[in-house]
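Hi everyone, thanks for coming along. Have a look at the structure on the screen, and let's walk through it together.

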Amino acid sequence: MRKTIVAVLLVLLLAAGLFAEGRQEGAEETYKITAGIGLNDKSAQYESLIYFKELVEKESAGRIIVDVYHSSQLGDDREMMEALQRGEQEMTCPSTAPMVPFVPEYGVFDLPFLFPSEAEADKVLDSAVGQQLLDKLSDIGIKGLVFWENGYRNLTNSYQTVRTPTDVKGMRVRTMENPMHLDAWRAMGANPTPMAFGELFSAMQQGVVDGQENPWGTIYLQNFFEVQDYATDTGHVYSPFVLMIAQSFWDRLPADLQGIVMDAAVKSRDHNRDLNRRYNKEYMEKLKDVMEVTVLTPAEKAEFQKAVQPVYAKYADTIGQSLIDDVLAEMKK
Ligand code: KDG
């Protein structure tokens, strides 16, 4: 009996030795990035993630595999960020609004009508100020890679044409889980309610909410027009996305693979912005065939701008006036 035990132990030791040697002699370690998003597999966000995946897998010659999940299959924006913090998921790409409970400074992007154009948004997001915000994520165990784009958000609703803040009076509008968005809609007279993206379609279908706000591409590609008849180009806030990765995973990646991931992130950012802008334009036109799309005059838009002004004063301290000033200065450069 003793002889058998010794023999088994010897075989096991030998096998372990051979295995260790195999790894030393070049069987390189492989890494898996599980990436989840809330939008569906028709979105510019999904297509950009596939673009990122293909680049990373090709450049790393298969040493990194990227598995992509859409439609909140892995959870909503907040839950996926928490999974990154726990090291249970490697990558996600939330809108900045639901990131505010994690890092309050991201609230700067929730200031209504902050960016007059996409070009000005790019300038700020790709500047040192944008980089500081990405770096801030390391305080919560996440590495911010780059800013992608969700885009200008527009209001839809199920019961009437909206041209002025008076038209949204009492309207139950779903917002992202963000206090400034709630306050902005209250300032416009609506009755907003925060909700995760994955619950939104059925909430509109069941009449739990009357309206919501999202970029044109999302409104079309998520079939929101099936449960909403009216849209207005409020463009009240520009939503950036942040492509982010679990810090614990990043720290385990060898330097050459970190370089490949970073490089693919930057390339995917440019790809994402081009695609998203094309989609938002194209799908706004397509929406005109399936719902009533109201385009505001500058004077009408100014009324919405005026209504949300109190939000600036209320949130200046939480965001930090100096950050707001830095963003405004960067925009003017
Ligand atoms: O994948 C991103 C979505 O989860 C979400 O951020 C989309 O704009 C969005 C919303 O309204 O929740």
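**Pocket, cavities, core and rings**

H10 gives the most to the lining of the largest pocket, with 4 residues. Before I go on, please keep in mind that this is a predicted model.

Let's stay with that pocket for a moment. The space inside the largest pocket comes to about 400 Å³. Which residues are the closest to its centre? They are Tyr152, Asn154, Asp233, Gly235 and Lys301, out of 15 residues that line the largest pocket. Besides H10, helix H11, which covers 298-307, also gives two or more residues to this lining. If you sort the lining of the largest pocket by class, you get 6 nonpolar, 4 polar and 5 charged residues.

Now let me step back to the whole chain. How many helices and strands does the protein chain have? There are 13 helices and 11 strands. The C-alpha trace spans about 90 × 45 × 35 Å along its principal axes. Of the 333 residues in the protein chain, 53% are buried. Here is a number I like: take the contacts with a separation of 6 or more, and 76% of them are between residues 24 or more positions apart.

On to the core. The largest nonpolar core has 93 residues. Phe52, Tyr106, Leu137 and Leu243 are the ones with the most contacts inside this core. Let's pick leucine 137 and ask what it touches, not counting residues up to four places away in sequence. Leucine 137 touches Met81, Met99, Val103, Tyr106, Ile142, Gly144, Val242 and Met244. There is also a second, separate core of 5 residues, and among them are Ala44, Leu221, Leu275 and Tyr279.

The largest cavity holds about 200 Å³ of space, and 19 residues line it. Asp77, Ser95, Arg174, Met176 and Phe197 lie nearest the centre of the largest cavity. Its lining divides into 8 nonpolar, 6 polar and 5 charged residues.

The second largest cavity has about 110 Å³ of space. Of the 16 residues that line the second largest cavity, Leu39, Ser43, Ala44, Thr218 and Asn276 are the closest to its centre. By class, the lining of the second largest cavity has 6 nonpolar, 9 polar and 1 charged.

Now for the rings. The structure holds 11 aromatic pairs. Let's look at tyrosine 220 and tyrosine 283: their ring centres are 4.9 Å apart and their planes are at 25 degrees, so this pair is stacked. The cut-off behind that word is planes under 30 degrees apart. Tyrosine 220 is in helix H8 (residues 216-221) and tyrosine 283 is in helix H10 (residues 255-290), so the pair ties together parts that are 63 residues apart in sequence. Is each of these tyrosines buried or partly exposed? Tyrosine 220 has 23% relative accessibility, so it counts as partly exposed. Tyrosine 283 has a relative accessible area of 12%, so tyrosine 283 is buried.

There is an aromatic cluster too, formed by Tyr106, Phe109, Phe115, Phe147, Tyr152 and Tyr238. Two of those names have come up already: Tyr106 in the largest nonpolar core, and Tyr152 in the largest pocket.

Last stop: a few loop residues. Serine 72 has a positive phi of about 55 degrees although it is not a glycine. Serine 72 sits in the loop between strand S2 (64-69) and helix H3 (77-85), and with a relative accessible area of 18% it is buried. Asparagine 223 is another residue other than glycine with a positive phi, near 60 degrees. You can find asparagine 223 in the loop between H8 and strand S9 (230-232). With a relative accessible area of 29%, asparagine 223 is partly exposed.

Finally, find threonine 297 in the loop between strand S11 (292-294) and H11. Threonine 297 is partly exposed, at 38% relative accessible area. From C-alpha to C-alpha, threonine 297 and arginine 163 are 8.9 Å apart in space, and they are 134 residues apart in sequence.

How values were computed:
Residues are numbered from 1 along each chain as its sequence is written. This is a predicted model: local features need pLDDT of at least 70, side-chain atom pairs count only at pLDDT 80 or more; totals for chains, interfaces and linings use all residues. Side-chain values use heavy atoms; hydrogens and water are left out. Rings of Phe, Tyr and Trp (its six-membered ring) pair if their centres lie within 6.5 Å; planes under 30 degrees apart count as stacked, over 60 as edge-to-face and the rest as tilted. Buried means under 20% relative accessible area, exposed over 50%, partly exposed in between (1.4 Å probe, protein chains only). On a 1 Å grid over the protein atoms alone, a cavity is a set of points where a 1.4 Å probe fits but cannot get out, and a pocket is an open set with protein on both sides within 12 Å along at least five of seven lines; lining residues have an atom within 4 Å of a point. Grid points are joined across faces, edges and corners, and a volume is the space filled by probe spheres set on the points. Ala, Val, Leu, Ile, Met, Phe, Trp, Tyr, Cys and Pro count as nonpolar, Asp, Glu, Lys and Arg as charged, and the others, Gly among them, as polar. A nonpolar core is a set of buried Ala, Val, Leu, Ile, Met, Phe, Trp, Tyr and Cys residues joined through side-chain atoms within 4.5 Å. Contact means heavy atoms within 4.5 Å.
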